[in-house]
Amino acid sequence: MDCDALILGSSFSGSLLGWILAARGMRVFIVDRGRHPRFAIGESSTPAADLILADLAARHRLPELAPLTRWGSWQATYPQLGCGKKRGFSYFHHRPGEAFRDTPDHAASLLVAASATDAGSDTHWLRADVDTFFCASAARAGAIVREGCEVVEIERRERGWSVRFADSSEGQSGAQECVKAPFLIDATGGGGALASVLGIKALDDTLLTRCGAVYGHFRGVGSWDRLQEATGNFSTTSPFRSDDAAQHHCIDGGWMWILRFRDDLASVGFVQPTDVCRRWMSGESCSLDEAWRSMVSAYPSLAELFDGSRAVRPLGLVPRMSRLWSRASGEGFAMLPTTAGFVDPLHSTGIAHALSGVQRLADLLLAESFDEVGWQAYGEAVVDEVTWIDQLVSACYAVLPDFDRFRLASTLFFLATVQAERGYGQGETTTSQGFLAARHAPLRAALSAARADLVAGGEALPDRLRDRLAPFDPVGLLVPAARHRFAHTAVDK
Ligand SMILES: Cc1cc2nc3c(=O)[nH]c(=O)nc-3n(C[C@H](O)[C@H](O)[C@H](O)COP(=O)(O)OP(=O)(O)OC[C@H]3O[C@@H](n4cnc5c(N)ncnc54)[C@H](O)[C@@H]3O)c2cc1C
């Protein structure tokens, strides 16, 4: 069978690209080894993701996509698709053996609102529902989708690619299909279907962030806001309720995320250094469930929060999350960004980065004449962006458990985010400015220098960073009078 673009992986990024291309008249074929609906991790979206989705909906005339760009329109249009409200990012500093305490100056917390209202807020995606929706939309637009199929062979031909695959339930002896296409897009995420076939070099060990995660879906997780209010601490609810946000509970060595969906469902995960996660994986001293319980019980406020909760599926474990391939595009092939590389869930870059690749590849594939230079530049940019995210995220881990410096390191990340989002709001795309403003050379140089300063530490660090970064701080993230509370940082969608 011949098609114009063959996409490996039908998760939201592969499916959305397939949806756009099919809706614009291309013959698209999508193959996935799994079947929808299925559990997937990576659920917390961001203003950058919303802005890219809004751009895709408008430019490719997909009105069905537009409601997913805000919590309010999502609820009104697709109440059946699982979604959580995300007013912003909240961070809390826990010490082992001590109940969480904050001060009037918020010494132990940071709340960064993205959106100013509930209706305009970001979302957490219940991936089983959202990925199914994108894949079904691609099929409705005309893409041919094969689920539950294992790739058997990928072959480079003179004019494109030939891929053979078979129904995974039948094994290699089952009936096989072969599809030929001039363009092969790898959207298999950590599956890395293409890199191994092409012998692309892994750059995982060049990345500075080295964490793993243990995670699951839970019911019965208590309300962090109500727990704090009961102790007389009201610092978690302004400028937004932290139950309506991505909660980051910073602990020794890492942090825990809590993302709340409807019907009492919550996504929860611990991020810890890779060597700790490898020990959990080996089960040498205890089972994964025991490791989880001992992490929770080490922090009394978390123990109270999880008292009476239960996991609704077995815990998942990824001992090392950061990975990167040295090439993300070449003759007739490209990887979506989260296939080319991924750093860490801290600050939620994955969904937006994946969507930025959909935005760029859709433009390249739909152009009237093929832009060979642009195609190569896409791949180089994506690899560079993963190293840029790594620079910013690894700084946060490098300074833990010093929460003051962790907040400053997070602020460096938010400065890049604010710059990028303002660019998108003014009509720039990830082709012009890169992801997370990676192509903004002055900002990148200033943040890189600030990162080195921050990791080295020393006296009057907040003042030094504020002076150095003032030209890049339009919303006053480094202004001490804000006392670690920011009511509105994102551009309005
Ligand atoms: C623990 C953890 C937490 C995260 N939290 C966040 C977060 O809060 N916010 C955020 O923005 N990002 C987060 N991420 C990142 C996020 O998960 C990814 O960015 C996102 O899942 C990428 O989506 P994708 O569509 O590119 O690929 P994936 O979701 O990885 O999907 C890949 C698809 O390819 C299929 N596949 C794999 N191999 C093959 C093969 N050989 N042949 C055919 N099909 C194949 C799979 O079945 C799957 O459907 C997190 C990541 C991890 C590991």
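A nonpolar core is a set of buried Ala, Val, Leu, Ile, Met, Phe, Trp, Tyr and Cys residues joined through C-beta atoms within 7 Å. A residue is buried if 20 or more other C-beta atoms lie within 10 Å of its own, exposed if 12 or fewer, and partly exposed in between, with C-beta atoms placed from the backbone. The structure is a predicted model, in which local features need pLDDT of at least 70 and side-chain atom pairs count only at pLDDT 80 or more, while totals for chains, interfaces and linings use all residues. Residues are numbered from 1 along each chain as its sequence is written.

The largest nonpolar core has 149 residues, and Ala5, Leu17, Val28 and Ile185 touch the most other members. Helix H12 (residues 372-399) gives the most to this core, 13 residues; helices (H or I, at least four residues) and strands (E, at least two) are DSSP runs numbered from the N terminus. Beyond its neighbours within four places in sequence, Leu17 is in contact (C-beta atoms, placed from the backbone, within 7 Å) with Ile7, Ile185, Ala187, Val358, Leu361 and Ala362.

The protein chain is assigned domain 1 (5-79 + 127-203 + 324-366), domain 2 (84-125 + 206-318) and domain 3 (399-486), with bounds that come from an automatic or database domain assignment. Between domain 2 and domain 3, the C-alpha centres lie 24 Å apart. Their contact takes 15 residues from domain 2 and eleven residues from domain 3. On the side of domain 2 that touches domain 3, strand S4 (88-93) and strand S5 (109-113) are the elements that give two or more residues, and S5 has the largest share, five residues.

Next comes the ligand. It is surrounded by 38 residues, the closest being Ser11, Gly42, Gly189, Gly191 and Gly350; a residue is near a molecule if its C-beta atom, placed from the backbone, lies within 6 Å of it. Domain 1 and domain 2 each give at least three residues to this shell.

In H8 (residues 288-297), the buried residues are Ala291, Trp292, Met295 and Val296. They line one face of the helix, because seen down the axis of H8 they fall within an arc of 130°, taken from the directions from the helix axis to the C-beta atoms. The face turned away from this buried side carries the exposed residues Glu290, Ser294 and Ser297.

Terms used:
Contact = placed C-beta atoms within 7 Å.
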